Amino acid sequence: MKTHDAASTLPLKEKSVSKKVFQSNWFWGYIMIAPTMIGLLIFYLWPIVQTIYFSFTTWGAFGNFSWVGFDNFNKLFHDPTTLGAFRNTLVFTVCTVPIGIFLSILVAVLLNNRIKGLTVYRTLFFLPVVTMPAAIAMVWRWLYNGDYGLINQVLAAFHIKGPDWTTDPHIALISVIIVAIWSGIGYNMVIFLSGLQGIPATYYEAAMIDGAGPITRFFKVTLPLLSPVIFFVSIMSLIGALQVFDLILMMIGSTNNAIESSETLVYLFYHDAFVLNEKGYGAAIAVILLIFILIVTAIQMKLQKKWVHYD
Amino acid sequence: MKKLAFILVAIALFAFSFGCSSSSTGSSASSNQKVTLRYGIWDKNQKPALLTIADDFHKKNPNITVKIEVTPPADNAYWTKLETAAQGGSLPDLFWMNGPNSIKYESNGILMPLDDLVKNKSVDPKNYPSSLVDLYTYNKTLYGVPKDFDTIALWYNKKLFDDAKVPYPTSSWTWADIQNAAQRVTNKSKGIYGIAAPLYNQEGFYNTIYQNDGSVISADGKTSGYDQPATIEGLKFWTDFIQKGYSPTQAQMTDNTAESLFESGKVAMIYSGSWMAIEYAQNEYTKDKVDLTVLPEGKKRAVMIHGLANVISAKTKYPEQAKKFLAYLGSKDAALVQAKTGTVIPAFNGTQQAWVDSNKQYNLQSYIDELQYSIPLPHSKDTAKWWDDETTILKKAWSGDIPVDQAAQQLAKVMNQDLAAEK
């Protein structure tokens with residue numbers, strides 16, 4: 001409570017205890033953050049506690065449940081569907097995060113130059129971020145349509161038979177990954193842009209005087225100074241990728257033959273908890289995912305000391 | 001101390017205003033009060049007719065306004081939302097119920113019993129087909145007022161039949177006739193398929209299973225019928241069309257629904273429920289190119305019948321107003337509005353002719369003719385579970401990944417486990 005010191009330096013002689021409390025900085029500090037804190041407690045922390053509790057229960061219709069101990073977790077680790085979903089989630093994450101970050105940096109660096117129509121380009125890249133994921137999924141479903149989609153029509157013009165993008169079990173997940181990367185570039189780009197603009201020009205001038213070319217400057221100046229931003233983006237996009245759901249539901253769906261090879265943990269959670277009404281089993285899936293995300297994020301926090309430069 | 005006083009006054013004012021607003025919503029009993037009823041449905045095609053009914057009702061009862069909320073049925077969204085709302089206490093005041101979900105909602109006290117409506121004659125069960133009244137009666141108590149019913153018929157594209165010089169389907173067709181016609185109308189080079197064989201139970205394989213003397217679920221609702229050879233033949237009826245190339249593949253029908261392929265002239269025949277008539281009549285392409293007849297005969301004639309009911313949430317804040325609107329929804333006037341707009345076949349006895357006449361260019365009488373051999377949609381207490389099994393397992397047979405009989409045996413096993421787990 002460092003802020004307390006400021007309050008205690010005030011003259012205290014004839015003040016009552018309640019007056020002291022009301023005039024102290026820490027009290028008003030708590031009042032100011034109270035709306036957010038209360039929201040966080042009610043809408044985030046309490047549901048997490050409940051989910052962990054529910055993962056040890058089994059549910060009947062309309063909210064009747066009973067305690068079953070570790071049954072859900074036992075079933076979960078022996079269920080090929082869950083293991084498949086876990087594998088799909090990993091593939092999705094490993095593909096979208098590095099490629100997404102790489103492309104976002106590339107776009108950000110290119111758009112950090114003074115080129116004609118800069119705002120137009122920046123807006124274009126940012127548009128997917130302000131579009132509803134459901135709308136994105138529907139538009140891409142049309143593009144991907146096996147017989148009548150634009151992509152396969154264009155391919156047909158070159159006499160190439162395009163694949164069934166969203167219904168072929170071998171390709172469906174890749175199709176979703178492409179959309180996920182495309183729709184994520186804009187958001188990351190904006191964060192990288194602000195990072196790039198925070199790098200003082202003097203570093204570049206010094207590097208140029210030392211004879212560094214554009215590529216050397218990028219690797220020796222830009223990347224190290226951008227590393228705190230890269231670290232932030234990688235943590236956020238990793239968590240986002242492990243929780244992917246809407247694109248799978250909207251683009252693939254339960255009647256699709258490719259769903260087994262593209263369903264993710266959160267999709268499975270939705271299907272078990274809300275379609276089959278196995279809310280206890282769904283909660284167990286969510287708990288496993290929570291633990292996994294905690295571990296991965298902890299590892300990232302540890303590793304950052306090796307590559308993130310704070311100046 | 002000024003600050004403290006200010007804060008206390010602010011808190012008191014806040015609590016006071018809060019208390020006032022909650023007490024005003026609490027007193028709901030008076031019938032002169034202006035109320036808005038929420039009415040949950042899933043079919044956007046039926047919204048205009050129901051809006052008309054709601055407006056008529058509002059004119060007679062100026063204090064009651066009805067707001068219609070549409071949740072599309074795709075991927076089970078309507079039922080997912082409804083169940084979550086039931087748990088969270090935010091159900092619409094009135095909503096649609098269907099056969100597969102009826103027992104689950106009735107047995108858990110989610111729906112309001114309608115005995116007093118029957119007693120004071122504002123709803124008379126004799127006005128509706130008895131099979132539908134039975135469907136919504138649980139422990140001798142009526143929980144829903146039948147709204148409409150639907151059967152399945154064979155729709156065909158006259159232009160594609162003319163192009164292939166094949167005579168149109170007739171009411172005397174058998175399985176052999178439709179198989180033969182599907183082959184002759186199929187035109188690979190033009191991308192025309194004879195028939196659509198989507199993975200549909202109510203519109204599709206349930207009909208052919210019962211036409212072949214098979215069954216989906218035993219009469220006592222305890223065992224699956226999917227391991228019977230007759231049932232498996234009913235499934236093969238469909239997969240054969242895909243395998244021989246007379247129907248689009250399962251993948252194609254995932255990208256584009258069977259109905260949209262029929263509506264764009266890529267498919268010559270499709271089994272469709274009576275609720276699709278209005279969509280085909282409004283579609284630019286199908287409105288004057290298609291017609292329908294009864295389903296072809298297998299070992300015997302059979303067709304799925306199912307009907308929706310309007311129900312009231314047991315926890316509605318406005319029970320009197322909701323009952324009033326429910327009785328109006330079940331009235332002859334409301335049935336005629338729905339019939340004339342051609343949306344669905346109303347359940348109110350004697351109003352069906354108006355529906356048949358709603359789109360005279362089609363032989364809609366076929367749907368009514370099938371009533372005599374109609375079979376209620378199979379269901380149990382937790383139908384959603386084994387409907388999901390059907391999709392998960394049978395889609396592999398539809399795509400040709402595993403043989404039909406193997407998929408059916410697998411399905412019978414899983415479905416039996418699910419039925420055993422029902423309490």
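Salt bridges over all chains come to 13, counting a side-chain nitrogen of Lys or Arg within 4 Å of a carboxyl oxygen of Asp or Glu. This is a predicted model: local features need pLDDT of at least 70, side-chain atom pairs count only at pLDDT 80 or more, and totals for chains, interfaces and linings use all residues. Residues are numbered from 1 along each chain as its sequence is written, chains are lettered from A and ligands numbered from 1 in the order in which they are written, and side-chain values use heavy atoms, with hydrogens and water left out.

**Stop 1: chain B as a whole**

Select chain B. Its C-alpha atoms fill a box of roughly 90 × 50 × 45 Å along the principal axes. Colour by secondary structure and look for 19 helices and 13 strands. These are DSSP runs, numbered from the N terminus: helices are H or I with at least four residues, strands are E with at least two.

How much of chain B is buried? Of its 423 residues, 55% are. Buried means under 20% relative accessible area, exposed means over 50%, and partly exposed lies in between (1.4 Å probe, protein chains only).

Now consider contacts in chain B with a separation of 6 or more. Residues 24 or more positions apart account for 74% of them. Contact here means heavy atoms within 4.5 Å.

**Stop 2**

Select B:35-41, which is strand S1, and B:94-97, which is strand S3. The two run parallel and pair over two bridges. Strands count as paired if DSSP finds at least two bridges between them. Click B:Gly40; its bridge partner in S3(B) is B:Phe95.

Find B:Leu94, then look across to B:Ile312 in S11(B). In a regular strand, side chains alternate between the two faces of the sheet.

**Stop 3: salt bridges within chain B**

Side chains of opposite charge can pair when their charged atoms come close. Start with B:Glu83 and B:Lys104, whose side chains form a salt bridge at 2.8 Å, N to O. The pair links distant parts of the chain, 21 residues apart. B:Glu83 sits in helix H3 (residues 77-88), and B:Lys104 in helix H4 (residues 99-107). Are these two residues buried or exposed? Both are buried.

Next, go to B:Asp288 and B:Lys289. Their closest N and O atoms are 4.0 Å apart, in a salt bridge. B:Asp288 is exposed, at 53% relative accessible area. B:Lys289 is partly exposed, at 23%.

Then pick B:Arg301 and B:Glu297. This salt bridge has its closest N and O atoms 3.9 Å apart. Both ends count as partly exposed: B:Arg301 at 22% and B:Glu297 at 29%.

**Stop 4: two buried residues**

Select B:Thr141, in strand S5 (residues 141-142). Why does B:Thr141 count as buried? Because its relative accessible area is 13%. Leave aside neighbours within four places in sequence, and B:Thr141 touches B:Pro113, B:Asp115 and B:Tyr136.

Move to B:Ala412, in helix H19 (residues 404-421). B:Ala412 is buried, at 3% relative accessibility. Beyond its neighbours within four places in sequence, B:Ala412 is in contact with B:Ser224, B:Tyr226 and B:Asp227. Draw a C-alpha to C-alpha distance from B:Ala412 to B:Gly88. It reads 35 Å, across 324 residues of sequence.

**Stop 5: where chain A meets chain B**

Show both chains. The contact takes 33 residues from chain A and 31 from chain B. Together the chains bury about 2,700 Å², 50% of it on carbon and sulfur atoms. That area is the accessible area (1.4 Å probe) lost when the two parts are put together, summed over both.

How many salt bridges lie between chain A and chain B? The count is two. Zoom in on B:Lys385 and A:Glu278, whose side chains meet in a salt bridge at 3.8 Å, N to O.

Finish on the chain A side of the contact. Select helices H2 (17-23), H7 (133-144) and H13 (265-275) of chain A; these are the elements that each give two or more residues to the side touching chain B. H13(A) gives the most, with four.
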